[in-house]
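Thanks, everyone. Let me put the structure up, and then I'll walk you through a few parts of it.

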Amino acid sequence: MERKKRIILAKAGLDGHDQGINVIKDFLIENGYEVFYFGLYQQMRDIAEIAIQEGVDFIGLSVHSAAHLEYVKEIFGYLKNNNALDIGLVVGGIVPEQDVFILEKEFGVRRVFVSGTPEANLNSIGDFFRKNSGRNIDPKLMLENKSKNNLGLFISELVNNSEEASGFVKNLLREDVLTIGITGHQGVGKSTLIGHLITQFRNLNKRVGVIAVDPSDCISGGALLGRDRTQMWRHLFDENVHIYSMATRGGYGGIADTTGLAVNAMKIAGYDIVIVETIGIGQDQAEVRTIADMTGLILTPDIGEDQVYKSGIMQIVDFYVINKTDIMPALPLEKFLNEMIDNRVSFSGKSKSRPFIINTSMVNKNCSGIQKLAEKILEYGENL
Amino acid sequence: MDERNKNNKEKSFCKKPIDEFDYSLKLGDPGQYPYTRGIHLEMYKKQLWTMRQFAGFGSADDTNKRFKYLLEHGETGLSTAFDMPTLLGRDSDDLVYGKETGLCGVAIDTLADMEILFDGIDLNPPISTSMTINAPAIVLFAMYLVVAEKKGTDWKNLRGTIQNDILKEYIAQKEWIFPPEPSMRIIANIVEFCCKNVSQWYPISISGYHIREAGSTAVQELAFTLRDGIEYVEWAIRAGLKVDDFAPRFSFFFDSCENFFREIAKFRAARRMWARIMKERFHAKNEKSLQLRFHTQTSGLSLQATELENNDVRTTSQALSAILGGTQSLHTNSHDETLCLPTEEAVKIALRIQQIIAYEMDITGVVDPLGGAYWIENLTDELEKIAMHYIDIIDGMGGMLKAIEQGYPQREIRRSALERCKKIATGEKIIIGVNKFPAKEKQIIPVLKIDPEIRMKQVKRLNEVKQKRDNFKVKQCLEYISCVAVSKGNLMFSIIEAVKNYATIGEICLALEKVFGRYEEKI
């Protein structure tokens, strides 16, 4: 099976010319690539750090503001300090020939696509990414040095079905690591909630890994990844937090086939808690239960009772979070959930104890309910 | 299909019987409603278009020199390009983005820079000054007014334009600071202020240029720009102004691209549509309210980075479209702009293109020389029809702000841009020297070198200004700006006061941001 390349695209600095990068983003996704793009006004060290954690193959930088040397230098320096210079750096935009030379010679830029030249068209750009190999890592390296760079790369090996890499993590059992599945419909606030949960766990000095799953385009197989990261940005430079985004790649039930392996990789790398965020799910997708020790369903108070009835996953999760209690009182839904739990024949969760319900709201600074949620999760985890 | 065949096919379907065509309804004489043929009876016979080359780089001193160079070579209007930090309301000492200081425009931090920028230049007519500034337009405009005041120039005499079009920033150019609603309020404040105090000034230049350069089609450029115009008129009316008081001071800005005849038709359609919109939708009575005045820039997107000399040919043809389409002012691109800001040599040729058309070709004696040609009238009708359809769609969404919120124009443009790029990749859209007869050799040309010390010098000047000014007074001014922002008052006066006391653009924008917040785009 062909290795699917992961590419992070970025606009540097204050430059708002995003026509080119948007076109390339759409084109790459249409052609089956997995692409990260975070919009305008990005800082280069953020982009470089994300590239490292995500184990990407290429960074594509678009600059039309004449500041290309400055910004590329910054990325180059960051990658160098993190032994990640094998990430293929590609630049596009308005670059005079003199600077093309500097970019290639001094900063190891693989290719510069200068706007308005025969090479800067979609076909050549497509060819470039197709013909140039992505990055690889010897899986043993990750076991020796569990740097973020190695872990990111190792997980990228896993999602690309490397047998050697999966051999290391396939049958891993580590009871001391708690894996939490977070699922729910699109727009219920999963990523924001996870962002705050990370803060809580970090306050307790736990190392936290996150696997965020995004949907693959069912026609092209490409994907736009990493949108969930926006809600967790403040943890980017915390050395005890690692976030990895993966596409479903045809996996069933809101996660990818390799998500479980990725969780194991995070365990090996020494993370105490691993959170798996599913894609925005439908009504019967609870596959995350098979890889998580406990699974939480995030709801909002405005969900209709009939929706709850119809939903297959209602009956099988370990905890419920009623989020956004600021938009509507949570009580009716809470009462309804309690009745439903009472009517359950058995509890299918691993701890066999009664599922708990927590109400949260993320609008005010203190984020009501989040501390209680973190405590409850840990307590529940203790009983496993 | 081959591009040439397609054009031939288009030509053959233009067969409207001439008696079906109502001259007075569709065209009217030049200077007559609906102004399809032009807004003046005599047009260039009486006065040529303003030759206005967009210029700015490095420090205010560097750009002041370039201004004078252009004026010496026969330019008739100034046009200022600001650097990225200035466009985004940041100072040159900004920790994150300060490194872009002076790179693609002139760096302006305080009034001190603005004074240098216009040093030795008389701001009285006939000089008119255009400033391409949007999110922080109110600050730069205030600085200009104070500079004029210090020179003893009466505000009533000042001529010029600030772009001040935030809607197209959200849609295409993507350089915003505040969210849409407060941004629209700032614009309404400026419009109101100009009506009363700077009556010869154009407080807004509603721009299709950036929409087109972001990859839209001609029709999308036309439709989104005019719909933006409608939005501004509505906001000004809502702010309590009378349509005939401000509409005569609205101006537009279009792109002139490679499709020669279609572009001419686009300018004609724009005039006719705006006249009808102002008359029928807003019941404007003053004929100046009905007349669409516009600046044109030739297309940067059409320029290529190989065989740069070809770009002058492209620019010449686009300039001709704009002039045959009746533009009021024109910027012609320099051939090296695909690689850097223009060098003196390149910008001189660009200006000469306009001068040769104006003085050697003998085409300025007739207004709308193509009016009545089957092909042109057909294209004009077609563009109007499709553009009106777009406007209806956006009306249906509840206006442009709502449409932007839903990402509608952004999506439409992205779709067109992707399509365009695919056509270039397959060769369906021909570009000489790129995908047809591709250039064999890489060209290394001398590029404009920005002083590598620019940031250091700029920060030094900024620090000196901060040391000399009355910092207590500045603090008071900034607090007052925030107070006015909270109230419903006009921000213009408070900002003029702050500028006079040498508050920086970054400080003023921060004072506003504290109240208004910052805009973030959903991807």
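Let's start with a question: is the crossing of α7(A) and α10(A) left-handed or right-handed? The crossing is right-handed.

Some ground rules. This is a predicted model, where local features need pLDDT of at least 70, side-chain atom pairs count only at pLDDT 80 or more, and totals for chains, interfaces and linings use all residues. Residues are numbered from 1 along each chain as its sequence is written, while chains are lettered from A and ligands numbered from 1 in the order in which they are written. Helices (H or I, at least four residues) and strands (E, at least two) are DSSP runs, numbered from the N terminus.

Back to that helix pair. The axes of α7 (residues 148–159) and α10 (residues 259–268) of chain A come within 9 Å and cross at roughly 155 degrees. Axes are lines fitted to C-alpha atoms, for helices over the stretch in contact; angles run from 0 to 180 degrees between N-to-C directions. So α7(A) is roughly antiparallel to α10(A), a label for angles over 145 degrees. On α7(A), the contact uses A:L151, A:F154, A:I155, A:L158 and A:V159. On α10(A), it uses A:L261, A:A262 and A:A265. Contact means C-beta atoms, placed from the backbone, within 7 Å.

Stay on α7 of chain A, which also holds A:E157. A:E157 counts as buried, because it has 26 C-beta neighbours inside 10 Å; the cut-off is 20 or more other C-beta atoms within 10 Å. Beyond its neighbours within four places in sequence, A:E157 touches A:I137, A:P139, A:S162 and A:A165.

Now chain B. Its open sheet has 9 strands, in the order β5-β4-β3-β2-β1-β9-β8-β7-β6, with parallel pairing. Strands pair if DSSP finds at least two bridges between them. At the edges stand β5 (201–202) and β6 (204–207) of chain B; each has a single partner strand, so one side of each lacks a neighbour in the sheet. Further in, 3 bridges join β8 (residues 294–298) to β9 (residues 329–331) of chain B. There, B:Q297 stands opposite B:H331.

Last, the two chains together. Here 30 residues of chain A contact 38 residues of chain B. On the chain A side, α1(A) gives the largest share, 5 residues.

Terms used
Angles under 35 degrees count as roughly parallel, over 145 as roughly antiparallel, 65 to 115 as roughly perpendicular and the rest as oblique. A crossing is left-handed if the near helix is turned anticlockwise from the far one by less than a right angle, and right-handed if clockwise. Two residues are in contact if their C-beta atoms, placed from the backbone, lie within 7 Å. A residue is buried if 20 or more other C-beta atoms lie within 10 Å of its own, exposed if 12 or fewer, and partly exposed in between; C-beta atoms are placed from the backbone.
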